[in-house]
Amino acid sequence: MGLLVDGKWQDKWYDTDKTGGKFERESARFRNWVTDDGRPGPDGDGGFAAESGRYHLYVSMACPWAHRALVFRKLKALERHISVSVVSPDMLKNGWEFLSDHEAHRDHLYDSRFLHQIYTKAAADYTGRVTVPVLWDKHQETIVSNESAEIIRMFNSAFNDLEGVRADLDFSPQSLREDIDLVNERIYHTVNNGVYKAGFATAQDKYEQAYDELFETLDWLEQRLSDQRYLVGDQLTEADWRLFTTLIRFDAVYFGHFKCNRNRIADFPVLSAYLRDLYQVPGVADTVDMGQIKRHYYFSHTMINPTQVVPKGPALDLEAPHGRDRLS
Ligand SMILES: N[C@@H](CCC(=O)N[C@@H](CS)C(=O)NCC(=O)O)C(=O)O
């Protein structure tokens, strides 16, 4: 694990000393938007028009942020328009890596060895962390965006005019945007990023604070979802998919590896049924690779799990009936 400094790779773990043991996530640096006609989006430069075959997504199957983009690519039927390369689940001293001789983990565009080479191709003097997902423009040979929250909004609406794309599915309708943003905000800080704050804390109090906030929000969600099928009423939205990619990793990884162990998701009757409901949406299960998820966290974070032994369990029954149809 490391980062780029002026375009040079440095093998360095997160620096929590300067924040008293607290993990603070760095903001993504590439913030352009693909739009239907190439006009600029809310941030960054214009010139990124939605075109079939022009964009490439770099992901890890293990990463919850990249997973959001994969879910949107699948549900919006963007697979034939946006190609993808999947890094190896092992993220060690060189950061995310490709494996040239494994079709499943090759860089299909440049046959690079490391993801940081994609970052320096886009910005030779880049300073910052090298994260997935990355949305790459094959025409301009640059990174459009490395911020998953924005990539999923592009996938939701920018490509709607392309053939076969599910324009009828809108996961961020304008009429619900305010509510979506509100729940996203709480869930981002206390759940999506909350599990990382607990897992990467290097001070007891910082860990306990993240743990308390996490379970306070999970209790709130258990309540909220007891009489409504989805987070923002009876329609599936972006807010659900953003929560989903954290919940699906919870019992297998965050409960043990990140010490988020007051309860498993399986112990929350409502949340666990909600998780199965989302998992059973056609196409979604194809985006979940529990083997790569467990391998990544337990094998890559050697300061948390120095033996690199990957747990066999837990047994998860994601195909069991969820019974939530009655709510909508
Ligand atoms: N803000 C980013 C965060 C992405 C992120 O942190 N991805 C993790 C993998 S789960 C990563 O690549 N970490 C590498 C690192 O921090 O060096 C997003 O949501 O797209």
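Select Leu57 and look at what it touches: Ala69, Arg73, Ile82, Val84, Pro133 and Leu135, leaving out residues up to four places away in sequence. Contact here means that C-beta atoms, placed from the backbone, lie within 7 Å. A word before moving on: this is a predicted model, where local features need pLDDT of at least 70 and side-chain atom pairs count only at pLDDT 80 or more, while totals for chains, interfaces and linings use all residues. Numbering starts from 1 along each chain as its sequence is written.

Leu57 sits in strand E3 (residues 55-59). Helices (H or I, at least four residues) and strands (E, at least two) are DSSP runs, numbered from the N terminus. Buried or exposed? Leu57 is buried, because 22 other C-beta atoms lie within 10 Å. The cut-offs: 20 or more other C-beta atoms within 10 Å is buried, 12 or fewer is exposed, and in between is partly exposed, with C-beta atoms placed from the backbone.

Next, pick helix H1 (residues 64-75) and helix H3 (residues 148-157). They pack at an angle of about 5 degrees, with axes 9 Å apart. Axes are lines fitted to C-alpha atoms, for helices over the stretch in contact, and angles run from 0 to 180 degrees between N-to-C directions. To show the contact, select Trp65, Ala66, Arg68, Ala69, Phe72 and Arg73 on H1, plus Ser148, Ile151, Ile152, Phe155 and Asn156 on H3.

H1 and H3 each give at least two residues to its shell. Of the 15 residues around the ligand, Cys63, Trp65, Arg129, Thr131 and Ser148 come nearest; being near means a C-beta atom, placed from the backbone, within 6 Å.

Now show the whole open sheet, three strands in the order E2-E1-E5 with antiparallel pairing. Strands pair if DSSP finds at least two bridges between them, and two bridges join E1 (residues 2-5) to E5. E2 (8-11) and E5 (128-129) are at the edges with a single partner strand each, so one side of each has no neighbour in the sheet.

Last stop: helix H8 (residues 269-279). Its buried residues are Leu271, Ser272, Tyr274, Leu275, Asp277 and Leu278. Their cover includes helix H6 (204-224) and helix H7 (238-254).

Key. Two residues are in contact if their C-beta atoms, placed from the backbone, lie within 7 Å.
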